[in-house]
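Reader: Hi! Could you walk me through this model in plain words?

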Amino acid sequence: MVNKVVVKINGVEYTLMGEDTEDYLFSIANYVDKKVKEILTSNPKHNTTSSAVLTALTVTDEMFKLKRQMENIKKSTVIPNERLKEVEEKYKALYEEYKKLVEENSVLKESMNEIQQKEKENVEYFNKLKEEYDNKIKEYEALLRENAYLRERNEQAEVELKETKEMLNSMKEQLLESQIELVRLKKDLKDFKELQTKKRSV
């Protein structure tokens, strides 16, 4: 099902169409609205075209940095398979959102004129994204700590296993010596009995 919504970016209305929910389409427009507004506020000399291009570059930069940070974190730790799958799925969903946002920016950058208002909604949405991002960082840190703990436990288990093997080998040697001694004692006992038997017969 294709959803169709009318959004305002810098006061100009645009029609967005996509299979995503209306809330998602509005959230994309709100995020772009905020980014363009930030660029125009920081430098009022920018026209709508240049501010649209800078907005696309800014969002793309955020996406690439987040992707690079994700990849660096993945390389620096060995995450258990189930947790790794969960993180990869979250990252994939986030990457798809950014990819769709970049595609929308490429369409919007040639037709943007004036972008204004809805500052409060965009700030709230940006804070929500930042909070989600911070939570993901905390989750990665927790995974790193968990992995370090598991690695330490594994090392301890290997030490204990080595000690157990050494103890078993020692016990095997002692058992072998005991078996040899038992055979010797049995032989001595047999020889003694044969000797006693010979003495009686004499």
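Reader: Great, what should I know about the model before we start?

Author: This is a predicted model, in which local features need pLDDT of at least 70 and side-chain atom pairs count only at pLDDT 80 or more, while totals for chains, interfaces and linings use all residues. Residues are numbered from 1 along each chain as its sequence is written, and side-chain values use heavy atoms, with hydrogens and water left out.

Reader: Thanks! How many residues does α1 have, and how far does it reach?

Author: Helix α1 covers residues 22-42, which is 21 residues, and reaches 30 Å from its first C-alpha to its last, close to the 30 Å expected at 1.5 Å a residue. Helices here are DSSP runs of H or I with at least four residues, strands are runs of E with at least two, and both are numbered from the N terminus. The expected span is 1.5 Å times one less than the number of residues.

Reader: And why is α1 called largely enclosed?

Author: Because 15 of its 21 residues are buried, α1 is largely enclosed by the rest of the structure. Buried means under 20% relative accessible area, exposed over 50%, and partly exposed in between, using a 1.4 Å probe and protein chains only.

Reader: What about α4, how far apart are its end C-alpha atoms?

Author: They are 121 Å apart, which agrees with the 123 Å that the 83 residues of α4 should span at 1.5 Å a residue. Its buried residues are Asn122, Leu129, Glu139, Tyr140, Leu143 and Asn147.

Reader: Nice. At what angle do α2 and α4 pack?

Author: Helix α2 (residues 48-75) and helix α4 (residues 119-201) pack at about 10°, with their axes 12 Å apart. Axes are lines fitted to C-alpha atoms, for helices over the stretch in contact, and angles run from 0 to 180 degrees between N-to-C directions. That makes α2 roughly parallel to α4; the cut-offs are under 35 degrees for roughly parallel, over 145 for roughly antiparallel, 65 to 115 for roughly perpendicular, and oblique for the rest.

Reader: Which residues make that contact?

Author: On the α2 side they are Leu66, Gln69, Met70 and Ile73, and on the α4 side Tyr133, Lys136, Ile137 and Tyr140. Contact means heavy atoms within 4.5 Å. By class, the contact of α2 with α4 has 6 nonpolar, 1 polar and 1 charged. Ala, Val, Leu, Ile, Met, Phe, Trp, Tyr, Cys and Pro count as nonpolar, Asp, Glu, Lys and Arg as charged, and the others, Gly among them, as polar.

Reader: Back to α1: how does it cross α4?

Author: The axes of α1 and α4 come within 9 Å and cross at roughly 105°, so the two helices are roughly perpendicular to each other. Among the residues in contact are Asp33 and Lys37 of α1, with Glu119 and Phe126 of α4. The contact of α1 with α4 divides into 5 nonpolar, 3 polar and 6 charged residues.

Reader: Last one: which residues does valine 102 touch?

Author: Not counting residues up to four places away in sequence, valine 102 touches Thr60 and Met63. Valine 102 lies in helix α3 (residues 81-108) and is partly exposed, with a relative accessible area of 26%. Its C-alpha is 7.3 Å from that of valine 59, 43 residues apart along the chain.
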